[in-house]
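Please read what follows with the sequence and the structure side by side. The text begins with the terms it needs and then goes from the whole chain to its parts.

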Amino acid sequence: METILVREALRRPPGSPAVRVQGWVRTKRDSKAGFSFIEINDGSCLAGLQIVAEGGLENYASEVLGLGTGCSISAEGPIVASQGRGQAVELRAERIQVLGLADAEAYPLQKKRHSFEFLRRIAHLRARTNTFGAVCRVRNLLSRTVHDFFQERDFYYVHTPLITPMDCEGAGELFRVTTLDLEGLAARGHGGLDFAEDFFGRPTYLTVSGQLEAEALACALGRVYTFGPTFRAENSNTARHLSEFWMVEPEAAFYDLDQDMDLAEGFLKRLIGALLSQAQEDMAFFDQRIQPGIVDTLKQILESDFRRIPYDEAIRLLEASSRSFEYPTAWGHDLQTEHERYLTEEVFQGPVIVYNYPSRIKPFYMYVNDGGETVRAMDVLVPRTGELIGGSQREHRFEVLEERMEEKGVDPEAYGWYLDLRRFGSVPHAGFGLGFERLVQFVTGMTNIRDVIPFPRTPKSAEF
Ligand code: 4AD
Ligand code: MG
């Protein structure tokens with residue numbers, strides 16, 4: 001017999017021959033007339049499949065009647081027209097096999113709505129809820145679309161290292177990677193650490209960005225992108241920060257800042273377009289239950305051009321606002337979430353790209369504009385989430401880069417290979433990083449970033 005997914009079963013016309021479906025029981029109702037309705041979900045789509053279990057099944061009294069939420073079953077039978085409301089078809093069971101029971105008393109997922117805080121504590125089970133099932137499917141579709149988008153534009157998917165000696169962003173938010181016997185050293189009251197003794201013979205960390213290595217590959221292959229995990233030991237317990245998150249980083253030789261912004265805008269629109277056309281059921285769920293109006297917002301974004309404003313203008317707009325912000329809005333200060341949200345939600349009511357930031361607040365690798373006050377950086381800001389993408393044209397002039405490194409206290413010895421790229425056939429190039437969870441957060445309307453990654457890592461929290 002054919003085994004099919006619930007998604008497929010729901011599409012079969014009434015009167016289709018018997019199939020087998022497998023999944024987890026969401027609800028069971030027993031009718032007084034001696035049969036039961038069992039709704040199962042198998043993760044293949046948001047909707048469940050109704051299974052009608054007649055009293056005549058050989059294990060009806062012994063097993064089926066005892067089924068409850070969370071049990072897993074396999075059911076076989078024809079797909080028939082459903083009498084009830086809410087579904088066109090149902091499966092009329094000729095056989096039900098109980099695969100795994102779930103103790104109804106102990107099973108933490110009940111039919112009622114649970115708070116997201118509660119669900120975080122049972123992350124191993126929360127993918128069985130409507131919301132997290134939908135989040136996981138949306139992540140999958142977006143991941144596939146990331147590859148489609150870049151592959152269609154002749155970007156090669158490259159793999160950059162996760163263990164690195166470099167602090168790309170220069171922010172010092174690094175997780176150390178070591179095999180040194182820290183407990184032993186501490187127990188012996190050892191003060192200094194000798195990294196020559198460490199596994200790699202030098203200090204190493206988990207990467208905060210694959211950009212620097214991606215630049216090396218772009219300066220050979222032309223256009224490349226990475227899509228991998230990224231680690232930041234920032235001690236920010238906010239709804240937009242994770243200690244481990246996924247980043248998409250394209251890098252393109254011969255690109256300038258304008259082309260970089262065009263790429264970022266086209267990329268976001270492509271991702272949103274895929275969701276609206278291929279994830280309609282899940283998006284309708286987010287629209288109804290999580291963030292009313294999100295589908296219309298996304299449609300509007302697809303149809304409009306992103307506003308692009310230099311940092312100077314962003315500052316002018318913030319200073320002209322009657323709003324009192326917590327953080328300073330004077331020229332030279334970085335934009336904070338409250339500023340980003342004000343610009344996107346109130347001034348422009350849509351995505352905004354802010355470019356040409358003060359060189360003082362940006363990392364060493366960004367292209368320095370004439371006069372030296374600003375660099376060719378760009379951030380894509382969106383309503384609610386704030387910064388979704390951060391990128392720049394890279395400094396490809398050897399002398400200028402050397403100077404910038406000195407200014408920022410970056411050791412040129414450690415970045416010798418990176419400087420080499422500017423010594424041997426240097427070319428203008430640009431790229432950006434999109435925080436994948438910020439994207440998922442933005443398109444689903446989920447409030448907390450911890451609820452758009454299956455097993456979140458945040459300060460003081462690394463369970464599962
Ligand atoms: O702006 P960021 O720090 O840029 C870079 O790392 C560049 N090297 C990227 C590049 O040009 N190749 O980070 C890029 C994006 C941010 O815009 C944000 O969306 C996301 O990564 N991000 C985080 N997402 C979740 N949790 C965190 N702690 C994040 N930090 C950054
Ligand atoms: Mg940034």
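A residue is called buried when its relative accessible area is under 20%, exposed when it is over 50%, and partly exposed in between, with a 1.4 Å probe and protein chains only. Helices (H or I, at least four residues) and strands (E, at least two) are DSSP runs, numbered from the N terminus.

The model is a predicted one, in which local features need pLDDT of at least 70 and side-chain atom pairs count only at pLDDT 80 or more, while totals for chains, interfaces and linings use all residues. Residues are numbered from 1 along each chain as its sequence is written, chains are lettered from A and ligands numbered from 1 in the order in which they are written, and side-chain values use heavy atoms, with hydrogens and water left out.

The protein chain has 13 helices and 17 strands, and its C-alpha trace spans about 85 × 60 × 45 Å along the principal axes. Of its 464 residues, 51% are buried. Where contact means heavy atoms within 4.5 Å, 68% of the contacts between residues at least 6 apart in sequence join residues at least 24 apart.

Helix α8, which comprises residues 294-303, has I294, V295, L298 and I301 as its buried residues. They cover an arc of only 120° around the axis, which puts them on the same side of α8. The face turned away from that buried side carries the exposed residues Q300 and E303. The packing partners of the buried residues of α8 are α6 (257-278), α7 (280-290) and α13 (436-444). D296 also has its place in helix α8, and it counts as partly exposed, at 48% relative accessibility. The C-alpha atoms of D296 and L276 are 20 residues apart along the chain and separated by 9.9 Å.

From the helices we turn to the sheets. Strands of a sheet pair through backbone hydrogen bonds, either parallel or antiparallel. Two strands are taken to pair if DSSP finds at least two bridges between them. Eight strands form an open sheet with mixed pairing, in the order β7-β11-β12-β17-β16-β15-β14-β13. The edge strands of this sheet are β7 (156-157) and β13 (307-310), each of which pairs on one side only.

Another open sheet has three strands in the order β8-β10-β9, with antiparallel pairing. Its edge strands are β8 (163-164) and β9 (176-177), each pairing on one side only. Two bridges join β9 to strand β10 (residues 204-206), and the two run antiparallel; V177 stands opposite T204 in β10.

What surrounds ligand 1? There are 25 residues around ligand 1, and the closest are E169, Q211, R232, E249 and E387, where a residue is near a molecule or strand if one of its heavy atoms lies within 4 Å of it. A polar contact is a pair of N or O atoms within 3.5 Å; within protein, one must be able to donate a hydrogen and the other to accept it, and residues adjacent in sequence count only if both atoms are side-chain atoms. A polar side-chain atom of S209 lies 3.0 Å from a nitrogen atom of ligand 1, and a backbone N or O atom of L388 lies 2.9 Å from an oxygen atom of the ligand. A polar backbone atom of G435 is 3.3 Å from an oxygen atom of ligand 1.

The last stop is R404, found in helix α11 (residues 398-408). R404 is buried, with a relative accessible area of 3%, and its side chain reaches the backbone oxygen of K362 at 3.4 Å. Leaving aside neighbours within four places in sequence, R404 is in contact with S359, K362, P363, F364, M366, V368 and V375.

Methods:
Arc of directions from axis to C-beta.
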